Amino acid sequence: MTLKDILEKRSMTPYHLSKISNVPYSTVNDLYKGISTLEKCSAGTIYKIMHALGLSTDMVLVSIMEKRPGLENFKREVRQGINEMGEVKYVISVLGKNVIDFYMQLDWHIEALYLLATIEYLCHKNHLDFIDQYDYSALETYVPEEAIYPEGIGLLSRIMGMDMKERVLEFAIPEYMKYNIIEYEMDQVV
């Protein structure tokens with residue numbers, strides 16, 4: 001996703017971004033027009049732009065690389081973030097930085113749904129009402145028709161000699177099932 005895409009989705013001009021980020025207009029405009037790229041910018045410039053847009057700098061790194069990590073790797077990154085920050089701080093950070101919206105802007109719908117389910121799970125677990133302040137109903141149109149199971153279920157089925165999908169559903173976490181994503185162990189999530 002380019003800076004132009006981000007600004008257009010926010011109905012923001014390069015001039016406005018320049019003013020709120022304190023990055024010279026020529027730099028922002030070159031990024032907007034594709035004359036320059038974020039990977040050629042200094043860390044300070046990237047930080048100022050991302051801060052002005054309310055995005056974390058690690059989000060821009062994902063955007064620069066434009067390479068999806070795969071759902072299992074994404075899940076590991078989410079768990080790592082939770083472990084490093086703690087559950088409540090992680091929820092506040094994700095919601096405060098609009099991380100779910102960022103993944104939607106990248107068209108990473110499954111990752112956005114997974115992160116939303118994680119935030120809902122953590123809010124319920126910790127008796128937080130933060131999630132109630134946000135409207136993510138638009139994400140419901142991206143719920144996959146077929147359930148997404150953890151990667152290891154296929155291997156476990158082969159080892160056990162039976163289809164483990166039905167068995168796993170008995171222990172599935174409701175916040176994930178709502179989005180047709182199957183998570184069945186707490187330690188997989190946190």
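Colleague: Is isoleucine 110 buried, partly exposed or exposed?

Modeller: This is a predicted model, and in it isoleucine 110 sits in helix α9. Its relative accessible area is 21%. Buried would need a value under 20%, and exposed a value over 50%. Isoleucine 110 therefore counts as partly exposed.

Colleague: Which residues is isoleucine 110 in contact with, leaving aside its neighbours within four places in sequence?

Modeller: Let's begin with a distance along the chain: tyrosine 179 is 69 residues apart from isoleucine 110, and their C-alpha atoms are separated by 8.9 Å. For the contacts themselves, we look for heavy atoms within 4.5 Å. Leaving aside the neighbours within four places in sequence, isoleucine 110 is in contact with Leu71, Tyr142, Pro144, Ile148 and Ile181.

Colleague: How many nonpolar, polar and charged residues are in the contact of α7 with α9?

Modeller: The crossing of these two helices, α7 and α9, is left-handed. On the α7 side the contact is made by Glu87, Tyr90, Val91, Val94 and Leu95, and on the α9 side by Leu115, Ile119, Leu122, Cys123 and Lys125. Sorted by class, the contact of α7 with α9 has 8 nonpolar, no polar and 2 charged residues.

Colleague: Helix α7 packs with α6 too, so which residues make that contact?

Modeller: The axes of helix α6 (residues 71-85) and α7 come within 7 Å and cross at roughly 120°. The two helices are therefore oblique to each other, and their crossing is right-handed. The contact is made by Val78, Gly81, Ile82 and Met85 of α6 and by Glu87, Lys89, Tyr90 and Ser93 of α7.

Colleague: Let's move to α2 and α3. What is the handedness of their crossing, left-handed or right-handed?

Modeller: Helix α2 (residues 14-21) and helix α3 (residues 25-33) pack with their axes 9 Å apart, at an angle of about 135°. α2 and α3 are therefore oblique to each other. As for handedness, the crossing of α2 and α3 is right-handed.

Colleague: Which residues meet there, and how do they sort by class?

Modeller: From α2 come Pro14, Tyr15, Leu17 and Ser18, and they meet Tyr25, Val28, Asn29 and Tyr32 in α3. By class, the contact of α2 with α3 has 6 nonpolar, 2 polar and no charged residues.

Colleague: Tyrosine 25 is in that list. Which residues does tyrosine 25 touch, not counting those up to four places away in sequence?

Modeller: Tyrosine 25 lies in helix α3 and, at 41% relative accessibility, counts as partly exposed. Its C-alpha atom is separated by 7.0 Å from that of proline 14, 11 residues apart along the chain. Not counting residues up to four places away in sequence, tyrosine 25 touches Pro14, Tyr15 and Ser18.

Colleague: What is the phi of glycine 34?

Modeller: Glycine 34 follows α3. Its phi is positive, near 85°.

Colleague: To finish, how many helices and strands does the chain have?

Modeller: Buried residues make up 45% of the 190 residues in the chain. Among contacts between residues at least 6 apart in sequence, 66% join residues at least 24 apart. The secondary structure comes to 13 helices and 0 strands.

Terms used:
Residues are numbered from 1 along each chain as its sequence is written. This is a predicted model: local features need pLDDT of at least 70, side-chain atom pairs count only at pLDDT 80 or more; totals for chains, interfaces and linings use all residues. Side-chain values use heavy atoms; hydrogens and water are left out. A crossing is left-handed if the near helix is turned anticlockwise from the far one by less than a right angle, and right-handed if clockwise. Helices (H or I, at least four residues) and strands (E, at least two) are DSSP runs, numbered from the N terminus. Ala, Val, Leu, Ile, Met, Phe, Trp, Tyr, Cys and Pro count as nonpolar, Asp, Glu, Lys and Arg as charged, and the others, Gly among them, as polar. Axes are lines fitted to C-alpha atoms, for helices over the stretch in contact, and angles run from 0 to 180 degrees between N-to-C directions. Angles under 35 degrees count as roughly parallel, over 145 as roughly antiparallel, 65 to 115 as roughly perpendicular and the rest as oblique. Buried means under 20% relative accessible area, exposed over 50%, partly exposed in between (1.4 Å probe, protein chains only).
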